[in-house]
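Please have the sequence and the model open while reading.

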Amino acid sequence: MRQPTRRTWWKTGVGLALTALMLFPVYWMINVSFTRDRDMRADPPHLFPVDGTLEGYRAVLDQQLPYLGTSLLVGLGTVALTVALAAPAGYALAKLRPAGGGALSFVLLVAQMIPGIIMAMGFYAIYLHLGVLNSVPGLILADSTIAVPFGVLIFTAFMSGIPEELMQAAVVDGAGRLRTFWSVVLPVSRNSIVTVSLFAFLWAWSDFVFASTLDGGGEHQPITLGIYQYIGNNNQQWNAIMATAVVASIPATILLVLAQRYVAAGVTAGAVKD
């Protein structure tokens, strides 16, 4: 009985060590955010903030709130557009089975392999012609092109597992395809909706390529550009830079903690068939 226990503790110890190693950059970011400017180059560096300061977080409140607000707006807009497009598409591929559905799924999979910088250059040429450069709606549309293919694949996998008996019962009750989708399919697809929404928000929240290419000169810029410009203008105030990074990480962390149960169910949906 002792040998399995020792093996379990050994595996747990290795797991904790690897976790600590991966989380150390996060800890160091928090540590530096509380460190005074004159202590930044201490040798050896302080593992804990000695005589900590809140100057970095004051700078965030004074300078970075507009960028955070823009990122929140872009993230929510990307979520709304992604779910509005991906959910009906996933329903069609999973239950209506249109001609060429397999080829379309393959195209969506290939679309996720296209580097973002290539897509950004294409968007730049189109937006320049349409006059929508440096705008929040343009950034929402660009970010959605990354999230929609992923969302369609997740919705398709999840909705394929919805029992046909449930669909037939809705038809017997007189529901058409649209009513069945709205009243039957969407309510039971909560896990996939949360999963797609979370990943769409995180992609939009952390996007830098589209933001720097399509919104670099706009009046309303996301937090990634706020941090980038802050580094360029104040490259000695590392506590303010790291404080901005910490504050920008809080929404994503909260969403991941709250939605992890739904994400686990949504991502694995369709992987196992009865």
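At what angle do α5 and α8 pack, and how far apart are their axes? The model is predicted, and in it these two helices pack at an angle of about 160°, with 9 Å between their axes. An angle over 145° counts as roughly antiparallel, so α5 and α8 are roughly antiparallel to each other. Their crossing is right-handed. On the α5 side, the contact is made by D143, I146, A147, F150, G151, I154, F155 and F158. On the α8 side, the residues are N191, S192, I193, V196, F199, A200, W203 and A204. By class, this contact has 12 nonpolar residues, 3 polar and 1 charged.

A second pair is formed by α6 (residues 164-172) and α7 (residues 177-188), whose axes come within 10 Å and cross at roughly 150°. That angle makes α6 roughly antiparallel to α7. Here α6 passes α7 in a right-handed crossing. From α6, L166, M167 and A170 take part in the contact, and from α7, T180, V184, V185 and V188. The residues of this contact divide into 6 nonpolar and 1 polar, with no charged ones.

Next comes burial. In α7, the buried residues are T180, F181, V184, V185 and L186. They pack against α2 (55-96), α5 (136-160), α6 and α8 (190-206). Among these, T180, V184 and V185 also belong to the contact with α6. In α8, the buried residues are S192, T195, V196, S197, L198, A200, F201, L202, A204 and W205. Of these, S192, V196, A200 and A204 are also among the residues that touch α5.

Finally, is I250 buried or partly exposed? I250 lies in helix α11 (residues 238-267). Its relative accessible area is 42%, so I250 is partly exposed. I250 and A87 are 163 residues apart in sequence, and their C-alpha atoms are 28 Å apart in space.

Terms used. Residues numbered from 1 in each chain as written. Predicted model: local features only at pLDDT ≥ 70, side-chain atom pairs only at ≥ 80, totals over all residues. Heavy atoms only, no water. Axes fitted to C-alpha atoms, helices over the stretch in contact; angles between N-to-C directions. Helix = DSSP H or I, 4+ residues; strand = E, 2+ residues; numbered from the N terminus. Parallel < 35°, antiparallel > 145°, perpendicular 65-115°, else oblique. Left-handed = near helix turned anticlockwise from the far one by under 90°. Contact = heavy atoms within 4.5 Å. Nonpolar A, V, L, I, M, F, W, Y, C, P; charged D, E, K, R; others polar. Buried < 20%, exposed > 50% of the residue type's maximum accessible area, 1.4 Å probe, protein only.
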